Amino acid sequence: MNPKRPRDLRELCYPFIYETKWQCDYEIATDELCSQVGVVMAQLPTGFDEVQADLDRLQRLIYNLNGSVRGRLGIFEGDLTWLKGRYDHYNAATHGRVTGFVLPRGPMPVPTLHLCRCGAKKVVRLLVRLEENGVSWDPILGRFANLLANFFFVLTVYVKAGMGVDEVEYVSINY
């Protein structure tokens with residue numbers, strides 16, 4: 001199937017939707033991740049104003065990540081420094097609650113945060129596919145996307161701790 005761009009723009013959800021290049025898949029994945037962050041923001045219970053503010057900023061950064069392969073670079077060292085600082089802040093606040101694998105569950109918005117974590121990993125994988133197919137991108141994008149996945153994990157632990165919910169450890173029989 002090689003559809004042509006419709007004349008009626010109401011029948012076109014995204015200008016690049018019919019491309020066969022990985023850039024479109026990457027952009028859709030980052031868009032989905034940004035949307036999932038919005039769901040988390042809607043699900044956050046009261047009392048998590050700091051998390052809400054961080055996610056508000058993060059949505060903008062994820063859209064900057066989105067356009068950084070096809071367009072101009074929109075992720076910078078200052079963004080990495082900020083996100084590392086937020087990671088360290090939430091990690092310190094959990095006092096090392098998690099030292100191994102945990103099952104991705106809990107009350108809302110924890111499962112959605114785990115989906116954000118997985119979504120960030122998908123973004124990393126799509127960056128790998130882009131490079132594999134000859135599309136160059138600034139290494140800061142991979143660094144940011146990897147950090148983003150780790151940030152979402154730490155945030156799940158922080159939110160669960162703030163809600164008084166224990167982590168459920170997972171002991172792998174495979175490793």
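Tutor: Gladly! Let's begin with one definition: a residue is called buried under 20% relative accessible area, exposed over 50%, and partly exposed in between. Please keep in mind that this is a predicted model.

Student: Then why is Arg60 called exposed?

Tutor: Arg60 has a relative accessible area of 52%. The word exposed asks for over 50%, so Arg60 is exposed.

Student: What makes Asp56 buried, exposed or partly exposed?

Tutor: Asp56 comes to 31% relative accessibility. Since buried means under 20% and exposed over 50%, Asp56 counts as partly exposed.

Student: How do you know that the side chains of Arg60 and Asp56 meet in a salt bridge?

Tutor: A salt bridge needs a side-chain nitrogen of Lys or Arg within 4 Å of a carboxyl oxygen of Asp or Glu. For Arg60 and Asp56 the N to O distance is 3.0 Å, so the pair passes that cut-off. In general, side chains of opposite charge can pair when their charged atoms come close.

Student: Where do Arg60 and Asp56 lie?

Tutor: Both are in helix H2, four residues apart, which is about one turn of the helix.

Student: How many salt bridges does a search of the whole structure find?

Tutor: It finds nine salt bridges. One of them joins the side chains of Arg70 and Glu27, at 2.7 Å from N to O.

Student: Why do you say that the pair of Arg70 and Glu27 ties together parts of the chain?

Tutor: Arg70 sits in the loop between helix H2 (49-67) and helix H3 (77-93), while Glu27 belongs to helix H1 (residues 22-43), so the pair ties together parts that are 43 residues apart in sequence.

Student: Are Arg70 and Glu27 buried, exposed or partly exposed?

Tutor: Let's set each value against the limits. Glu27 has a relative accessible area of 4%; buried means under 20%, so Glu27 is buried. Arg70, at 31% relative accessibility, counts as partly exposed, because its value falls between the two limits.

Student: What makes the contact between Glu77 and Arg143 a salt bridge?

Tutor: The N to O distance between their side chains is 2.8 Å, and the limit is 4 Å. Glu77 lies in helix H3 and Arg143 in helix H5, so this pair ties together parts that are 66 residues apart in sequence. Glu77, at 45% relative accessibility, counts as partly exposed, and Arg143 is partly exposed with a relative accessible area of 38%. Salt bridges that share partners also join Glu19, Glu27 and Arg70 into one network.

Student: Now to a lysine. Why is Lys160 called buried?

Tutor: Lys160, which is placed in helix H5 (residues 139-162), has 1% relative accessibility. The limit for buried is under 20%, so Lys160 counts as buried.

Student: Which backbone oxygen lies 2.8 Å from a polar atom of the side chain of Lys160?

Tutor: The backbone oxygen of Arg105 does. Leaving aside neighbours within four places in sequence, Lys160 is in contact with several residues, including Arg97, Arg105, Val110 and Val168.

Student: What makes Val168 partly exposed?

Tutor: Val168, in the segment after H5, has 30% relative accessibility.

Student: Why is Phe151 called buried?

Tutor: Phe151, found in helix H5, has a relative accessible area of 0%. Buried means under 20%, so Phe151 is buried. Not counting residues up to four places away in sequence, Phe151 touches Leu58, Leu83, Arg86, Tyr87 and Tyr90.

Student: Which peptide bond is cis?

Tutor: The bond from Met108 to Pro109 is cis, with omega near 15 degrees. Pro109 lies in the loop between H3 and helix H4 (110-132). As a general rule, most peptide bonds are trans.

Student: And how many helices and strands does the chain have?

Tutor: The chain has five helices and zero strands. Of its 175 residues, 41% count as buried.

Note on methods: Residues numbered from 1 in each chain as written. Predicted model: local features only at pLDDT ≥ 70, side-chain atom pairs only at ≥ 80, totals over all residues. Heavy atoms only, no water. Helix = DSSP H or I, 4+ residues; strand = E, 2+ residues; numbered from the N terminus. Buried < 20%, exposed > 50% of the residue type's maximum accessible area, 1.4 Å probe, protein only. Polar contact = N/O pair within 3.5 Å; in protein donor to acceptor, adjacent residues only side chain to side chain. Contact = heavy atoms within 4.5 Å.
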